[in-house]
Amino acid sequence: MTNDILERSGGCACGALRFVASGAALRVGLCHCLTCQKAHGAPYLAFAVFPRGAVDLSGAHAGWESSAGYHRLYCPACGSRFANLAGEEIELPVASFDDASGLDPQYENWTIRRLSWVAPLAVPQFARDRDS
C-alpha cells in the first residue's frame, strides 16, 4: 500500500471515536516536542497530516488547546489521543489507523527534545518546527 490510498479509517482504543481520512496525507512526520511526549506518554508522536476537510470525525470527544491555535482532541472514555487541529490541517496519530501501511515518516521535528536512546531516521531533521 502507498500513502495515496483513497480512504483510511481508524479510531481510539475503545472504538468510541472513529475517523475516515480521504485522499493522500499531505505529509507524515515524527514530533519529539515535550508536549507530544507528555500528551502521548511516548518518546515521540508519529502523525499523518491531512487537509481538515478530508477527515470525517465521529463520536463525542474532548480537547484542549496546548498552544495558540493548536487543539488536541482525545476520547473521554479511554483517553486515547485522537487528533490535533491546527488551522486548515488535522494531524492523526499514525498508530490510530486501522492500517497504517505506507504512512512512513518523511521528517522529524523538535529533535532538540529527542530522547538520547531514540535513533534518528534517515529523513530530514528539524531542531524545532519544520516551518521555522
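**Strands, Cores and a Pocket**

Mentor: Opposite Ala-21 of strand 2 stands Arg-8. Helices (H or I, at least four residues) and strands (E, at least two) are DSSP runs, numbered from the N terminus. The model is predicted, and local features need pLDDT of at least 70, side-chain atom pairs count only at pLDDT 80 or more, and totals for chains, interfaces and linings use all residues. Residues are numbered from 1 along each chain as its sequence is written, and side-chain values use heavy atoms, with hydrogens and water left out.

Trainee: In which sense do strand 1 and strand 2 pair, and over how many bridges?

Mentor: Two strands pair if DSSP finds at least two bridges between them. Here strand 1 (residues 7-11) pairs with strand 2 in the antiparallel sense, over 5 bridges. Gly-11 has Arg-18 of strand 2 as its bridge partner. The two strands form a hairpin with 6 residues between them, and in the turn Gly-15 has a positive phi of about 90°.

Trainee: Is Ser-96 buried or exposed, and what does Ser-96 contact?

Mentor: Ser-96 lies in the loop between strand 9 and strand 10. Its relative accessible area is 13%, so Ser-96 counts as buried. Contact means heavy atoms within 4.5 Å. With neighbours within four places in sequence left aside, Ser-96 is in contact with Gly-10, Gly-11, Phe-19 and Arg-81.

Trainee: How many residues does the largest nonpolar core have?

Mentor: A nonpolar core is a set of buried Ala, Val, Leu, Ile, Met, Phe, Trp, Tyr and Cys residues joined through side-chain atoms within 4.5 Å. The largest has 19 residues, and Ile-90 and Phe-50 are among those with the most contacts inside it. Strand 2, strand 4, strand 8 (81-86) and strand 9 each supply at least two residues of this core; strand 8 gives the most, with 3 residues. Another core, of 7 residues, lies apart from it, with Leu-45 and Tyr-107 among its members.

Trainee: What volume does the largest pocket have?

Mentor: On a 1 Å grid over the protein atoms alone, a pocket is an open set of points where a 1.4 Å probe fits, with protein on both sides within 12 Å along at least five of seven lines; lining residues have an atom within 4 Å of a point. Grid points are joined across faces, edges and corners, and a volume is the space filled by probe spheres set on the points. The largest pocket has a volume of about 460 Å³. Its lining has 20 residues, with Tyr-70, Glu-91, Asn-109, Trp-110 and Asp-129 nearest its centre.

Note on methods:
Buried < 20%, exposed > 50% of the residue type's maximum accessible area, 1.4 Å probe, protein only.
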